[in-house]
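Please review the structure shown below together with the briefing that accompanies it. The points are grouped by topic for a computational reading.

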Amino acid sequence: MPGESAVSVRIFNQNYRLATNRERDAEYIQRAAAYLDEKMREAAEHASHRAPLDIAILAALTIAEEVVKEQQKKEALLNKADEQIDSFTQKLNSEE
């Protein structure tokens with residue numbers, strides 16, 4: 001594919017070459033890989049003598065939990081914003 005390049009990352013002592021077709025994607029991939037590496041190392045600290053696949057699954061569960069919590073926060077903020085908009089709309093309509 002024209003314009004495609006590869007970025008090298010190291011995750012939990014393993015090297016990977018991942019394809020990307022934009023410069024900013026390379027930076028994003030490196031940041032994501034570094035984050036995954038961090039989570040895998042944290043999981044390994046709490047689950048000594050586990051296979052790398054087990055460590056990867058534990059790290060994935062930790063990341064999934066973070067994602068779900070952030071989605072819940074986002075949903076709560078959107079609901080609060082909707083409530084405030086409804087309140088302002090009611091006030092505007094009652095003043096007319």
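Predicted model: local features only at pLDDT ≥ 70, side-chain atom pairs only at ≥ 80, totals over all residues.

Residues are numbered from 1 along each chain as its sequence is written, and side-chain values use heavy atoms, with hydrogens and water left out. Helices (H or I, at least four residues) and strands (E, at least two) are DSSP runs numbered from the N terminus. Buried means under 20% relative accessible area, exposed means over 50%, and partly exposed lies in between (1.4 Å probe, protein chains only).

**Nonpolar core**

- The largest nonpolar core contains 12 residues: V7, V9, I11, F12, A26, I29, A33, M40, A43, A47, I55 and A59. Such a core is a set of buried Ala, Val, Leu, Ile, Met, Phe, Trp, Tyr and Cys residues joined through side-chain atoms within 4.5 Å.
- Two or more residues of this core come from each of β1 (5-11), α1 (23-46) and α2.
- Helix α1 provides the largest share of this core, with five residues.
- M40 is in contact (heavy atoms within 4.5 Å) with I11, F12, P52, I55, A56 and A59, leaving aside residues up to four places away in sequence.

**Residue D37**

- D37 is located in helix α1 and is buried, at a relative accessible area of 15%.
- The side chain of D37 reaches the backbone nitrogen of F12 at 2.6 Å. This is a polar contact, that is, a pair of N or O atoms within 3.5 Å; within protein, one must be able to donate a hydrogen and the other to accept it, and residues adjacent in sequence count only if both atoms are side-chain atoms.
- When residues up to four places away in sequence are not counted, D37 touches R10, I11, F12 and N13.

**Salt bridges**

- A salt bridge is a side-chain nitrogen of Lys or Arg within 4 Å of a carboxyl oxygen of Asp or Glu, and by this rule the count is six.
- D37 also forms a salt bridge with R41 through their side chains, at 3.0 Å from N to O. The two residues are separated by about one helical turn because they are four residues apart in helix α1. R41 is partly exposed, with a relative accessible area of 35%.
- The side chains of K39 and E66 meet in a salt bridge at 2.8 Å, N to O. This pair links distant parts of the chain, since K39 is in helix α1 and E66 is in helix α2, 27 residues apart.
- K39 is buried at 11% relative accessible area, whereas E66 is partly exposed at 28%.
- A network of salt bridges links K39, E42 and E66.
- D25 and R22 form a salt bridge between their side chains, at 3.4 Å from N to O. D25 counts as buried at 18% relative accessibility, and R22 is partly exposed at 44%.

**Surface patch**

- L53, I57, L58 and L61 make a nonpolar surface patch of about 370 Å². Patches are made of residues with over 30% relative accessible area and no salt bridge, with like charges joined within 9 Å and nonpolar side chains (Val, Leu, Ile, Met, Phe, Trp, Tyr) within 5 Å. Accessible areas come from the Shrake-Rupley method with a 1.4 Å probe, and for residues only the protein chains shown count as cover.
- L53 lies in helix α2 (residues 52-95) and is exposed, with a relative accessible area of 60%.
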